[in-house]
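Me: I would like to go through the side-chain contacts and the domain arrangement of this model. Could we take them topic by topic?

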Amino acid sequence: MYTLLLLTFVVGYFCIALEHPLKIDKTASALLTGVLCWTVLVMGQEALFPGGVAPGLLEETILLHVGEIAEILFFLLGAMTIVELIDTHGGFQVITERIRTTDRVKLLWILGFVTFFLSAVLDNLTTTIVMATLLKKLIRDKEDLWFFGGMVVIAANAGGAWSPIGDVTTIMLWIGGQVTAPSIVAGLLLPSLVCLLAPLAVLSFTKRGSVSPPSRFDLENGGGGGLHHQPVAVSPGEASLVLWLGIIALLFVPVFKTVTHLPPFMGMLLSLGVLWVVTELLHKRKPEDERHSLSVAGVIRRVDTPSILFFLGILLAVASLQTAGHLSQMAVILNDTFGNIYVINLIIGLVSAIVDNVPLVAGAMGMYSLADYPQDSNFWTFLAYCAGTGGSSLIIGSAAGVAIMGLLKIDFIWYLKRITWLALVGYFAGAVVYYLQHGL
């Protein structure tokens, strides 16, 4: 049963990767994989746990995992709704109208740096959602759109790695006491920046030319830009107001978490609720059909629900491997085989491109304690870098990648051919800088 569970996950993973050749939507494969993995786990519990488990324990375990997954899904739903609301009001035009260059290299650098620093302040998932929407406003050609989307994933993960609130894994290490905010910023800012600069430098010599912006018809009908909403009359003042309120609402989320210590999704739901009330009051004098189109009640129906369900299926499948002990066993094997904790961190980062980095970091936190490696030691900060940036190697290796895969419909194999090698160049370049910086 132990092998069957792993085989079920691997088969499901390949079905997701081969979505286009198989003509089966990745969300369907992900949901089936998640449910089947837990079915195998429950049906084979006697073989998987020779000592037996208490009655109802696995049911409690899956509900515990579902609770943790729900935090991410509600966060994602709230962020996507806020972004959709800004887009419906034409708020992103305020930004895109200021980005006038069509030079491919210049645009790569501008969007790369915007994504990098924005993801450190917000988080890599929210930033990716915002940037995916902006890309649709700036680029028409699908090849260019996908390529810029891949670079957004690299930039978002690199930006999230050096901030204590930029990625789920850094939040875990920060809350767990393994790192402090000043230490992770000082220790990882330069390596994370190099993780982005290295692929950008390569592309400066290989990606010449210009991009084609979408036409007004494309923007109004959702083809190549926009999030598929019907155009309605919104004044420039209303567009700017919703844009800046939306940005403030997203920026408020980490502040709310720091002050209240409540989960991030609570801050996101609070921000969404405030925006809901503001937009209702803002449009209360408009005709009923326009008011509904511009309200959260109308906007939320256009949120990409399949992407949320895809995330649910993936996280359920990974949770089953964590429960059965596959991830813990992998951590022990790495420790026994390599011994060197820094090599282990590099491998954990690469493995996080295949399975979620959250349980991997949780496993590492379980393997090593603060007695082994004190707070702010090189082991913990390097783990934050590797787990945060290694997931860029595959498009389903990070929350940012999963989000942009759903929003821009990027093909898994296409990403593997075009973006993976760039992500690896940045990953190892940043690791070398960390090595030189800290004299390991």
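Me: Which residue forms a salt bridge with Arg104?

Reply: In this predicted model, the partner of Arg104 is Asp144, and their closest N and O atoms are 3.1 Å apart.

Me: Where do Asp144 and Arg104 lie in the chain?

Reply: Asp144 is in helix H9 and Arg104 in helix H7, which spans residues 104–121. The two are 40 residues apart, and the pair links distant parts of the chain.

Me: And are Asp144 and Arg104 buried or exposed?

Reply: Both Asp144 and Arg104 are buried.

Me: What does Glu143 meet in a salt bridge?

Reply: Glu143 meets the side chain of Arg418, at 3.4 Å from N to O. Glu143 belongs to helix H9 and Arg418 to helix H23, so this pair ties together parts that are 275 residues apart in sequence.

Me: Are Glu143 and Arg418 buried, or partly exposed?

Reply: Glu143 is partly exposed, its relative accessible area being 31%. Arg418 also counts as partly exposed, at 34% relative accessibility.

Me: How many salt bridges are there in the whole structure?

Reply: A search of the whole structure finds six salt bridges. Lys286 sits in the loop between helix H14 (264–282) and helix H15 (288–293), while Glu238 is in helix H13 (residues 236–260). That pair links distant parts of the chain, 48 residues apart, and both Lys286 and Glu238 are buried.

Me: Changing topic to aromatics. How many aromatic pairs does the structure hold?

Reply: There are 18 aromatic pairs. Among them is the edge-to-face pair of Phe147 and Trp414, with 6.5 Å from centre to centre and 90° between the planes.

Me: How is the pair of Phe382 and Tyr385 arranged, stacked or edge-to-face?

Reply: Phe382 and Tyr385 are stacked, with 10° between the planes and 6.2 Å between the centres. Both residues lie in helix H21 (residues 378–389), where they are three residues apart, about one turn of the helix.

Me: What are the relative accessible areas of Phe382 and Tyr385?

Reply: Phe382 has a relative accessible area of 3%, and Tyr385 has 0%. Buried means under 20%, so Phe382 is buried at its 3% and Tyr385 is buried at its 0%.

Me: Which residues form one aromatic cluster with Phe382 and Tyr385?

Reply: The cluster also takes in Tyr342, Tyr427, Phe428 and Tyr434.

Me: Which charged residues lie over the rings of Trp146 and Phe147?

Reply: Lys142 has its charged end over the ring of Trp146, 4.7 Å from the ring centre. Lys207 lies over the face of Phe147, 4.1 Å from the centre of that ring.

Me: Now the domains. How is the chain divided?

Reply: The chain is divided into domain 1 (1–53) and domain 2 (54–216 + 234–439). Taken over C-alpha atoms, the centres of domain 1 and domain 2 are separated by 25 Å. Their contact takes 24 residues from domain 1 and 33 residues from domain 2.

Me: How much area is buried between domain 1 and domain 2?

Reply: About 2400 Å² is buried between them, with carbon and sulfur atoms giving 76% of that area.

Me: Which three residues of domain 1 supply more of its buried area than any other three?

Reply: Tyr2, Tyr13 and Trp38 do, supplying 28% of the area that domain 1 buries against domain 2.

Me: How many salt bridges are found across the interface of domain 1 and domain 2?

Reply: The number across the interface of domain 1 and domain 2 is zero.

Methods:
Residues numbered from 1 in each chain as written. Predicted model: local features only at pLDDT ≥ 70, side-chain atom pairs only at ≥ 80, totals over all residues. Heavy atoms only, no water. Phe/Tyr/Trp six-rings, centres within 6.5 Å; stacked < 30°, edge-to-face > 60°. Helix = DSSP H or I, 4+ residues; strand = E, 2+ residues; numbered from the N terminus. Buried < 20%, exposed > 50% of the residue type's maximum accessible area, 1.4 Å probe, protein only. Lys NZ or Arg CZ within 6 Å of the ring centre and 35° of its normal. Domains from an automatic or database assignment. Contact = heavy atoms within 4.5 Å. Buried area = accessible area lost by both parts, 1.4 Å probe. Salt bridge = Lys/Arg side-chain N within 4 Å of Asp/Glu carboxyl O.
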